[in-house]
Amino acid sequence: MSANRLRIGGITPLTSIDFPGRLAAVLYCQGCPWRCGYCHNPELLDATTPAAVPWPEVLAFLNSRQGLLDGVVFSGGEPTLQAALPAALAEVRALGFQTALHTGGMYPERLQALLPLLDWVGLDIKGPLHAYDAITRTPGSGAKAFDIACAACSPAAWPVSAAPPGTRACSVWTTCLPWPTRWPMRAWRTGRCRNAARRARPPGP
């Protein structure tokens, strides 16, 4: 499938935190099959929403950043939801950029096929396995995500979590998987999460 079919909902032109050790741009892919109450990109959930930035414009932007950026992060939403992602990754790599992916891990086979096109993968662990169905509003969601996470213990694939207010990450999240060696925690952006009650809660410890 042509990369022109990739629906991009927005761009962060520069980040130093989303691709470890690199200066990068972030491309936010439209659409996600999960409905986490604390999602801080709710405008990206609807997979039918047209692209906010057409792919040719994305390429034009990236061409203007050659020599200035090290890499490009495909985030979301859930990037692996879109069939045009492999072609888009190939085009970005052809421009000389390294590539990274942020994923919830809901499509293991697709992720496996993408690995040759990726330099780094951030696995977004939503919480303890027993709580996954309630968090994502999707039955059976945890099994696939944790299978990927347990198989991806390598320097090129790190677990990355969003910690809800009041949650002590060290006591809950680091017991999810057998290796708590590198586990970056994202601050939960209460002002943007899709659940109105949670937006009103102050950040926890």
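Tutor: Helices, of at least four residues, and strands, of at least two, are DSSP runs numbered from the N terminus, and with that convention Arg-137 is placed in the loop between α4 and α5. The model is predicted, and every value we discuss is computed from it.

Student: How many helices and strands does the chain have, and in which pattern do they follow one another?

Tutor: The chain holds 7 helices and 7 strands, and along the sequence they run β-β-α-β-α-β-α-β-α-α-β-α-β-α. Of the contacts between residues at least 6 apart in sequence, 66% join residues at least 24 apart.

Student: Which residues does a cis peptide bond join?

Tutor: The cis bond links Gly-76 and Gly-77, with omega at about 10 degrees, and Gly-77 belongs to the loop between β3 and α2.

Student: How should I read the aromatic pairs, and how many are there in the whole structure?

Tutor: The angle between ring planes decides the class, under 30 degrees being stacked and over 60 edge-to-face. A search of the whole structure gives 2 aromatic pairs. In one of them, the ring centres of Phe-19 and Trp-120 are 6.2 Å apart and the planes stand at 25 degrees, so this pair is stacked. Phe-19 is in the loop between β1 (8-15) and β2 (24-29), while Trp-120 is in strand β5 (residues 120-125), so the pair ties together parts that are 101 residues apart in sequence. Phe-19 and Trp-120 are both buried.

Student: Why is the pair of Trp-34 and Tyr-132 edge-to-face?

Tutor: The planes of Trp-34 and Tyr-132 are at 80 degrees, with centres 6.0 Å apart, and therefore the pair is edge-to-face. Trp-34 comes from the loop between β2 and α1 (55-64) and Tyr-132 from helix α4 (residues 132-136), so parts that are 98 residues apart in sequence are tied together. Trp-34 is buried at a relative accessible area of 3%, and Tyr-132 is buried as well, at 0%.

Student: Where does the charged end of Arg-110 sit?

Tutor: The charged end of Arg-110 sits over the ring of Tyr-107, at 4.0 Å from the ring centre.

Student: Which residues touch the most other members of the largest nonpolar core, and which element gives the most to that core?

Tutor: A core here is a set of buried nonpolar residues joined through their side chains. The largest one has 41 residues, among which Leu-6, Ile-8, Trp-55 and Phe-74 touch the most other members. Elements giving two or more residues to this core include β2, β3 (71-76), α2 (85-94), α3 (108-114) and α5 (141-151), and α1 gives the most, with 5 residues. Setting aside neighbours within four places in sequence, Ile-8 is in contact with Leu-27, Tyr-28, Cys-29, Ala-51, Ala-52, Val-53, Trp-55 and Val-58.

Note on methods: Residues numbered from 1 in each chain as written. Predicted model: local features only at pLDDT ≥ 70, side-chain atom pairs only at ≥ 80, totals over all residues. Heavy atoms only, no water. Phe/Tyr/Trp six-rings, centres within 6.5 Å; stacked < 30°, edge-to-face > 60°. Buried < 20%, exposed > 50% of the residue type's maximum accessible area, 1.4 Å probe, protein only. Lys NZ or Arg CZ within 6 Å of the ring centre and 35° of its normal. Core = buried A, V, L, I, M, F, W, Y, C linked by side-chain atoms within 4.5 Å. Contact = heavy atoms within 4.5 Å.
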